[in-house]
There are 2 protein chains.
Amino acid sequence: MNVNPNFEKLPGSYLFAEIARRVKEFQAADPAADILKLGIGDVTRPLAPAVVDAMKRAADEMLSAGTMRGYGPDFGYDFLVNAIIAHDYTARGVELEFDEVFISDGAKTDSSAIQELFSSDAKIAVTDPVYPVYVDSNAMAGRLGEYKDGRWTNLTYLPCNAENNFVPEPPRGHVDVIYLCYPNNPTGTTLTKEQLKPFVDYAHREGAVIVYDAAYKAFIRSDVPRSIYEIDGAKDVAIECNSFSKTAGFTGMRCAYSVLPHAVKGRGGNGRPMELNAMWKRRMGTRFNGVSFPVQRAAAAVFTPEGWAQCMEAVEYYLRNATMIRSELLAMGYTVFGGIDAPYVWLKTPTADSWAFFDELLRKAHVVGTPGAGFGPSGEGYLRLTAFNTNEKTREALQRIKEL
Amino acid sequence: MNVNPNFEKLPGSYLFAEIARRVKEFQAADPAADILKLGIGDVTRPLAPAVVDAMKRAADEMLSAGTMRGYGPDFGYDFLVNAIIAHDYTARGVELEFDEVFISDGAKTDSSAIQELFSSDAKIAVTDPVYPVYVDSNAMAGRLGEYKDGRWTNLTYLPCNAENNFVPEPPRGHVDVIYLCYPNNPTGTTLTKEQLKPFVDYAHREGAVIVYDAAYKAFIRSDVPRSIYEIDGAKDVAIECNSFSKTAGFTGMRCAYSVLPHAVKGRGGNGRPMELNAMWKRRMGTRFNGVSFPVQRAAAAVFTPEGWAQCMEAVEYYLRNATMIRSELLAMGYTVFGGIDAPYVWLKTPTADSWAFFDELLRKAHVVGTPGAGFGPSGEGYLRLTAFNTNEKTREALQRIKEL
């Protein structure tokens, strides 16, 4: 049996696996080292009590035949879908139909699966640097050509760097799909409505689709959009992925949701318009059996008044870390981006090689960051620090960086 | 943007969605009808108390920073992987390495995703009738050609019917992948070691891979294998998908596991052998973020002595239903298969058209079965009844069928 040949084209291992490997190797060589992790974007604050209560009540419902739940609705329970629509969209002036929202186990799962709806020769564009999942999932499906000198030959990179103040321009030529993530992972920067509008206009003009990842929207405190649908015309051209991972500390709980408006269409045989919503239903019905019932109950509790207040306490905690990382690094003389409406701070590394700076940080300060080069060619020369660790450890990490 | 053209080739909607549609339509027309569902294979018994306790304890761990869990290990927690290996494999004489077992949210998810590892022109064989997920997932990936007269032009069907006593023969020509599911969904039949051996031999001879779905193994009481790895040589050629859905009533909880032994290899570029295990790690690392921590704790509790005893009570309950369905239908004069080591009974329909018999059952007896034709060409003329309803409703359904 011949295997999918595209796997062999992938460079090295998945970024975070490579980081974990280096950290493990270092820890093995120096078991006494107290390593502080500001690398992967994993939460550290406990879950909201309202969320845990809801999960336990749901678990108890599973104990009797009258209340136990088997297979749930394919695309999520009403109680969760309706809470999402009311809280995240209607309240912000965005109208969605019930069957335009799909519950899943992760924004990573959804944003890597969405490409299954595209033709095998669809042209893809990503902002650069970028969350590796959009790229790797398309590479595995054979859309990106070959990986040469750190770039995929058939991928359009939209550079985001200090020179353009991290405001990308829409592609010059035609692409079929553009992946955008704001607040951005990895740079922690955001775009205003006016800066997003050209992408929506481009998609209308070119018949392209935007995959918008809003996983970090809970960190927004400024007047920037929390949803692509706040931009006029976006509901015709954009899909949006969301997650409870960062909003509610669900990285270990696993729940997310994606929005596919009926109006978003691709071109089928003989040019026939095909609703991506209908295709996604077929895809999810065939390849997924829904999210755990107690997890969906827990997720719905996020939108109760006490659940939301508790979740936002954790978000504010991380935002205070972000502010501290940003201001301390600035005070040390680093050039720093992001970290205002986002849990990520993106700093210019003193030397151009970001893996070398990653290794230096690990070796000398016992601090784990994420090397920018791992996020794409324009990430070289930068490093990502996350605000998800404890306040104490974040402070300690900054102190050690200061003493580098 | 052009969409994936293979979606347009898919016939109608996913089988169970179509059944749900017909039932809903009938219920709307006759709201008073008390419909008894022996269609979809969903559990009705409550969860084991030991399982619920474990989930609640895990939920409580999420309440404090010292014990909360964020992202889990990519392929599952040690405590669950080790319990699976010890209970399901070592105890039955099958040796597995720790990193050959992968935890996921469903056997449906895994058995539909595994095809991503195969080349786009891999030749696929399925037993016929078949669980539609293997077929549809390959069809969406474009491997099956066109759907004409109820058959995919590039799919090898291995008929299982009364004529061969539901013992399929290996393909005559070359195929790259064979999907097998035993105890079988939909027929409820099993294969002995001697009947499985020719498939393992075929795979060795042809360089093919077997995808073995053992989701129903907990129902086995006879001396038939619970795992493909009980067959000599299978660890070189077979992947195995398993699930807690039927073993432990987890259809609403979502947890499963797949086994990919290191020895199972495909052919990469220049004929280089490629471990499917390594490819799956890359695939799962890129496209999945693990199963909910409390769900994994709940699943591990299935393997405790009290958890197992409680789960097996439910399995025995369903097996008693299966025995009753089987013997009552035989007494009514139906020709019946399966239902011995499985929760499914497969009956020959009085008339050749299985959707017509489905509709008749629904209309006259208010009983929902699953028409055999929905499972493939050789399913025509059969209907599946499941043993997952309550004992009382199963008895009532049989009484109504008797009065047809």
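Modeller: Two strands pair if DSSP finds at least two bridges between them. Keep that in mind for this predicted model.

Colleague: Which residue stands opposite Ala256(A) in β10(A)?

Modeller: Ser243(A) does. Strand β9 of chain A, residues 238-243, is joined to β10(A) by 4 bridges, and the two run antiparallel.

Colleague: Which residue stands opposite Val259(A) in β10(A)?

Modeller: That is Val101(A). Strand β2 of chain A, residues 101-104, also runs antiparallel to β10(A), with 4 bridges joining them.

Colleague: Which way do the residues of strand β10 of chain A point?

Modeller: In a regular strand, side chains alternate between the two faces of the sheet. Here Ala256(A) and Ser258(A) point one way, Tyr257(A) and Val259(A) the other, and all are buried.

Colleague: Why is chain A said to be as compact as a globular protein of that length?

Modeller: Start with its make-up: 12 helices and 17 strands. The radius of gyration of chain A is 21 Å, close to the 22 Å from the globule rule for 404 residues, so the chain is as compact as a globular protein of that length. Of those 404 residues, 57% count as buried. Along its principal axes the C-alpha trace spans about 55 × 55 × 50 Å.

Colleague: How many residues does the contact take from chain B and from chain A?

Modeller: The size of an interface is often given as the accessible area lost when the parts come together. Counted in residues, this contact takes 74 from chain B and 73 from chain A. On the side of chain B that touches chain A, elements supplying at least two residues each include α2 (49-61) and α8 (276-287) of chain B. That side divides into 36 nonpolar, 22 polar and 16 charged residues.

Conventions:
Residues are numbered from 1 along each chain as its sequence is written. Chains are lettered from A and ligands numbered from 1 in the order in which they are written. This is a predicted model: local features need pLDDT of at least 70, side-chain atom pairs count only at pLDDT 80 or more; totals for chains, interfaces and linings use all residues. Two residues are in contact if their C-beta atoms, placed from the backbone, lie within 7 Å. Ala, Val, Leu, Ile, Met, Phe, Trp, Tyr, Cys and Pro count as nonpolar, Asp, Glu, Lys and Arg as charged, and the others, Gly among them, as polar. The radius of gyration is taken over C-alpha atoms; the globule rule is 2.2 Å times the number of residues to the power 0.38. A residue is buried if 20 or more other C-beta atoms lie within 10 Å of its own, exposed if 12 or fewer, and partly exposed in between; C-beta atoms are placed from the backbone.
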